[in-house]
Amino acid sequence: MFTLEGETFLVSGASRGIGNAIASVLLDMGANVVGGYSSAPGQLKQLSAEFGNDRLLPVQMDLSEPGAGARLWDAAIAFKGSIDGLVNNAGIAPSTAYDAPDDIWQADWAKTMQVNVQAVADLCRAAILHFEAERSKDGDFKGRIVTVASRAAFRGDQPDSLHYAASKGALIALMRSIARGFAGKGIYAFTIAPGWVDTDMAEVVNQPGNEWMLKEIPTGELVPPKQIGNMVAFMLSGLIDQSTGTNVDINGASYVR
């Protein structure tokens, strides 16, 4: 067992689902958490009641707005004065037919790339700059970035999710580039590629006619979101820094490479 006592992490998309599970695990392990959310704090309210305002800071930030990633980072720094790790979890997955009207096609692709890629890149950039500054003051300082991608980055997705798959593929390349470029400065980067996770976003799996979605998962069940949180905590712990650049598939063996 390890502890994250006294460390501070920023988790985007923390109001529900995977992000909230990640925030919960990190708090349970002693960390302080800044939880970003788009419109409503959702389940962050329960975590605030449980752990207190000194341990958890919810921050509203719409990552579809240009520059929002940098603003979220600045708010996170103000909480405890420093950040030890960044967890990029926020993302959107609109359904957009390939034969949709041009204006809808363009708008959905632009928003998906802004939230899923550009905002993540902006957060990573801010994190790297901060980690470099911290290391200049303390030569032993190490910073870590974990990004939640998707199995779609590797196996592709449905025709109405071309933008989602493309954005998640971009995240894999981004994080591998960060891992290669900054490991010598004590900055480590990891990705997790989930399949269907047992959150409200996976309700489509239980809709009539979609039985095949569950049948294609050899374990026979959706991934419990806490298992994503457990892996994120492990990656942030410093116990596997030599694995920087690694992606971990958590999908019930629905996609095995």
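Reader: Are Phe131 and Phe141 buried or exposed?
Author: Both Phe131 and Phe141 are buried; that word is used under 20% relative accessible area, with exposed over 50% and partly exposed in between (1.4 Å probe, protein chains only). Bear in mind that this is a predicted model, where local features need pLDDT of at least 70, side-chain atom pairs count only at pLDDT 80 or more, and totals for chains, interfaces and linings use all residues. Residues are numbered from 1 along each chain as its sequence is written, and side-chain values use heavy atoms, leaving out hydrogens and water.

Reader: What makes Trp105 partly exposed?
Author: Its relative accessibility is 24%, so Trp105 counts as partly exposed. Trp109 also has 24% and gets that label too.

Reader: Why is the pair of Trp105 and Trp109 called tilted?
Author: Rings of Phe, Tyr and Trp (its six-membered ring) pair if their centres lie within 6.5 Å; planes under 30 degrees apart are stacked, over 60 edge-to-face, and the rest tilted. That rule gives four aromatic pairs. For Trp105 and Trp109 the centres are 5.4 Å apart and the planes at 45°, so the pair is tilted.

Reader: How are Phe131 and Phe141 paired?
Author: Their pair is tilted, with 5.9 Å centre to centre and 45° between the planes. Phe131 lies in helix 4 and Phe141 in the loop between helix 4 and strand 5 (143-148), so the pair ties together parts ten residues apart in sequence. Helices (H or I, at least four residues) and strands (E, at least two) are DSSP runs, numbered from the N terminus. Together with Trp73, Phe131 and Phe141 form one aromatic cluster.
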